[in-house]
Amino acid sequence: KDVPLRPGSTHVVRVARAGWLKGRIVDQATGQAVGRADVIVYLQHRANQGDRPGPEPVTTTNAFAVFQRYVGHVLGPMVWGLEPPPGDTGFHLRASNDGWFTFGPLMKEVQVEVVITHPDYMWTDNDPDKRFEADQGGALGRKDVARKVRTVVMPGETKEVTYYLVKGKEIAGTVVDPEGKPIKDVEIALEHVAQYSQHWRYRTHARMGRTDEKGRFRIAGLS
């Protein structure tokens with residue numbers, strides 16, 4: 001009590017009523033579970049949750065969500081046993097064979113964005129849009145704005161969310177040398193032209209493929 005901010009190994013943080021996110025990943029067309037997908041969880045500062053658009057004011061309890069790199073690389077290993085890969089701030093999980101994943105503990109002072117990557121499915125935003133009166137163009141001739149409302153988990157709650165994936169387009173081809181002989185183990189990276197109607201991850205990440213013994217490759221999950 002005398003020096004509460006002194007570094008050391010004896011500090012204890014007690015989350016009295018932790019929240020948990022439990023997700024289920026399914027094929028939108030068939031309703032069947034999609035297993036073994038890469039699930040990325042981003043912890044964000046709360047925004048668009050109440051009756052006003054934009055971020056909520058920073059307080060002593062929600063401020064840490066602003067510092068995503070600190071949360072990911074310092075708190076991540078300590079609290080969740082996870083650390084984002086280089087250049088990322090999200091926690092990567094692997095969904096089970098039957099499409100389920102769980103993440104926590106969580107607190108109501110943060111909101112969660114979940115990005116799901118599977119070789120055959122598009123990157124899809126599952127969070128709903130919310131339209132605030134202040135964002136509507138109306139008679140001013142401005143374009144209406146829709147804002148995303150991310151997931152917030154309340155204290156003591158296990159929030160179940162179903163994430164619907166849509167099968168993507170695909171391309172396939174063969175890599176050969178100047179004599180026409182196939183080349184194996186060639187890595188292929190396909191980048192999208194930056195269309196802003198797409199999910200944001202298409203603008204920052206490539207879809208990857210690799211040639212087989214016969215030089216053939218296939219890249220799916222395309223927008």
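**Pocket lining and sheet**

Me: What gives the most to the lining of the largest pocket?

Reply: Helix α1 does, with four residues; a helix here is a DSSP run of H or I at least four residues long, a strand a run of E of at least two, both numbered from the N terminus. This is a predicted model, where local features need pLDDT of at least 70 and side-chain atom pairs 80 or more, while totals for chains, interfaces and linings use all residues. Residues are numbered from 1 along each chain as its sequence is written, and side-chain values use heavy atoms, leaving out hydrogens and water.

Me: What makes a space a pocket, and which residues line the largest pocket closest to its centre?

Reply: On a 1 Å grid over the protein atoms alone, a pocket is an open set of points with protein on both sides within 12 Å along at least five of seven lines, and lining residues have an atom within 4 Å of a point. The largest pocket has a volume of about 580 Å³, which is the space filled by probe spheres set on the points, joined across faces, edges and corners. Of its 16 lining residues, the closest to the centre are Val-13, Val-15, Leu-75, Val-79 and Met-107.

Me: Why are β3 and β5 called edge strands?

Reply: The open sheet runs β3-β2-β5 with antiparallel pairing, and two strands pair if DSSP finds at least two bridges between them. β3 (91-94) and β5 (110-117) each have a single partner strand, so one side of each is left without a neighbour in the sheet.

Me: How do you know that β2 and β5 pair?

Reply: β2 (residues 38-45) and β5 are joined in the antiparallel sense over eight bridges, and therefore they meet the requirement of at least two.

Key: 1 Å grid on protein atoms, 1.4 Å probe; cavity = no way out; pocket = protein on both sides within 12 Å on 5 of 7 lines; lining within 4 Å.
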